[in-house]
Amino acid sequence: MYDLVIRNGLLITAEGALDADLGISDAQIAALGLGLHGKRFIDAAGCYVIPGGVDPHVHLQMPLAGLVSTDSFRSGSVAAACGGTTTFIDFVTPGAGEPLLAALAARKAEAQGEVAIDFGLHMTVPTWHATEEQRLLEVPEVVAAGCATFKMYQAYDGVMLDDVALLRALAAVADAGGRVVLHSETGPVIDVLRADALAEGHIEPIWHEYTRPAQLEATAIHRAAELADLTGCPLFIFHVGCAESIAEIVAAHDRGIDIHGETCPQYLLLSAEEHLGGAQGALFICAPPLRDPEDQEALWRALANDELQVVSTDHCPWTRAEKTRRDFAQVPGGVPGIEARLSLVHHFGVNRGLLSLERWVQVCSTNAASWMGLTTKGRLAPGYDADVVIFDPAREKTISPATLHEAAGWTPYNGFSVFGWPRTVLLRGQMIVENEEYIGAPGDGRFVKREA
Ligand SMILES: [Zn+2]
């Protein structure tokens, strides 16, 4: 007798589809089978039953240049839950000279008691850390604290690592058994292109795209892959947005390098033409920038062919007012998207025949859980956390700020109609979304230690 049995649904696992009941006991998946007996039942007739979504790349209440990204841990995690995501990974950004463990503890404390779903944190390796040998000695204790992934940047003043600093940091992380997630763009060259454009009076949003050419994304990946190879550090490329970058990842992988990558709904579904939408154009500024329709096709193919393994959101929301600036270079980067991810990938991937149902589950949940060291997440299998989504593939929804729980007040997917939306969401066996209503409480989610 299980605590809870979900019956009549079609279970979609990373391995395939299965007409079976799902038995849950003690907050864990206990059994997949027919005719399971439970103290309680949920009827999932006509629905898919899938592992809760894992979004390994979000920025909630992130400070940036005097602003703070619009979704708090509270609002952002509620939005994620309503969209079928049950685990997210956010970031620790240590201040100048701040010990990494102290920064980790402070960021954890911000989230705990607030979050609706489980979470992990990536440790950002800032420039001062990677260049001071003493500082890199802290890396093993960060890994031991359950923070096995380190965020590094090849762009942006203040966090940008040159190749020497990147090499040292990759080596330190590899020695500690950790892994690296990377923002790959050739920052120093982009900085010159941006300054030149501004000096010539080009301030329109489209210049954000013109000054971050695809080749500079791809060459950064090429260099990072070689450095990762020299150090033996597993490497995960964040927010891949163009065909050139996919080609570099595939080529590096073919050379035997341990490299994987993600893309995001904005790169799969939007193009740089959005920047030409007058006053709206600045809203879509994110880095790397949106590209061309041909890149979108290449990204869908790469997801289907396992050249890219994950769809995250890089959710980084700002209000319209915050996005309105005199020139493109002053606009805070990032777009919202934490809530609609599963539905967008389902509708535009599965419903268009570009992804199978099991590939949808892999890229939205299983693969991120596995690469990021979330050993109890991302699978419908006995012993895994009972993070479960009952997803109604026939539910039609037109996306707008009013239909979402995100706080930005706008969405890049406004007016998109999708078939398929999460109906009910369980976090470790506890119902937190019922019939599309959030019914959880702040602090339902906990910090999850991730293993190296
Ligand atoms: Zn990001």
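Student: So at what angle do α14 and α15 pack, and how far apart are their axes?

Tutor: Bearing in mind that this is a predicted model, helix α14 (residues 341-350) packs against α15 at an angle of about 145°, and their axes are 10 Å apart. The crossing of α14 and α15 is right-handed.

Student: Which residues make the contact?

Tutor: On the α14 side the contact is made by Arg341, Leu342, Val345, His346, Gly349 and Val350, and α15 contributes Leu357, Trp360, Val363 and Cys364. By class, the residues of this contact between α14 and α15 divide into 7 nonpolar, 2 polar and 1 charged.

Student: And what strands does α15 lie across?

Tutor: Helix α15 (residues 357-371) lies across β2 (10-13), β3 and β7 (48-51), and it runs at about 60° to β2.

Student: What's the strand order in the sheet that holds β2, β3 and β7?

Tutor: The order is β3-β2-β7-β18-β19-β20-β21, an open sheet of 7 strands with mixed pairing. Strands β3 (16-19) and β21 (437-438) stand at the edges with a single partner strand each, so one side of each has no neighbour in the sheet.

Student: How does β21 pair with β20, parallel or antiparallel?

Tutor: Strand β20 (residues 430-434) and β21 run antiparallel and are joined by 2 bridges. Within that pairing, Val433 has Tyr438 of β21 as its bridge partner.

Student: Switching topic, is β14 buried or exposed?

Tutor: Strand β14 (residues 179-183) has 5 of its 5 residues buried, so it is largely enclosed by the rest of the structure.

Student: Which residues sit on each face of β14?

Tutor: Arg179, Val181 and His183 are on one side and Val180 and Leu182 are on the other, and as all of them are buried, both faces of β14 are covered. In general, side chains of a regular strand alternate between the two faces of the sheet.

Student: What does β14 pair with, then?

Tutor: Strand β13 (residues 149-153) runs parallel to β14 and is joined to it by 5 bridges, with Met152 standing opposite Leu182. Strand β15 (residues 235-237) also pairs with β14 in the parallel sense, over 3 bridges, and here Val180 stands opposite Leu235.

Student: Which helix makes a β-α-β unit with β13 and β14, and what is the hand?

Tutor: That is helix α6 (residues 163-175), which makes a right-handed β-α-β unit together with β13 and β14.

Methods: Residues numbered from 1 in each chain as written. Predicted model: local features only at pLDDT ≥ 70, side-chain atom pairs only at ≥ 80, totals over all residues. Pairing = 2+ DSSP bridges. Helix = DSSP H or I, 4+ residues; strand = E, 2+ residues; numbered from the N terminus. Contact = placed C-beta atoms within 7 Å. Axes fitted to C-alpha atoms, helices over the stretch in contact; angles between N-to-C directions. Left-handed = near helix turned anticlockwise from the far one by under 90°. Nonpolar A, V, L, I, M, F, W, Y, C, P; charged D, E, K, R; others polar. Buried ≥ 20, exposed ≤ 12 C-beta atoms within 10 Å, placed from the backbone. Right-handed = clockwise from strand over helix to strand, strands pointing away.
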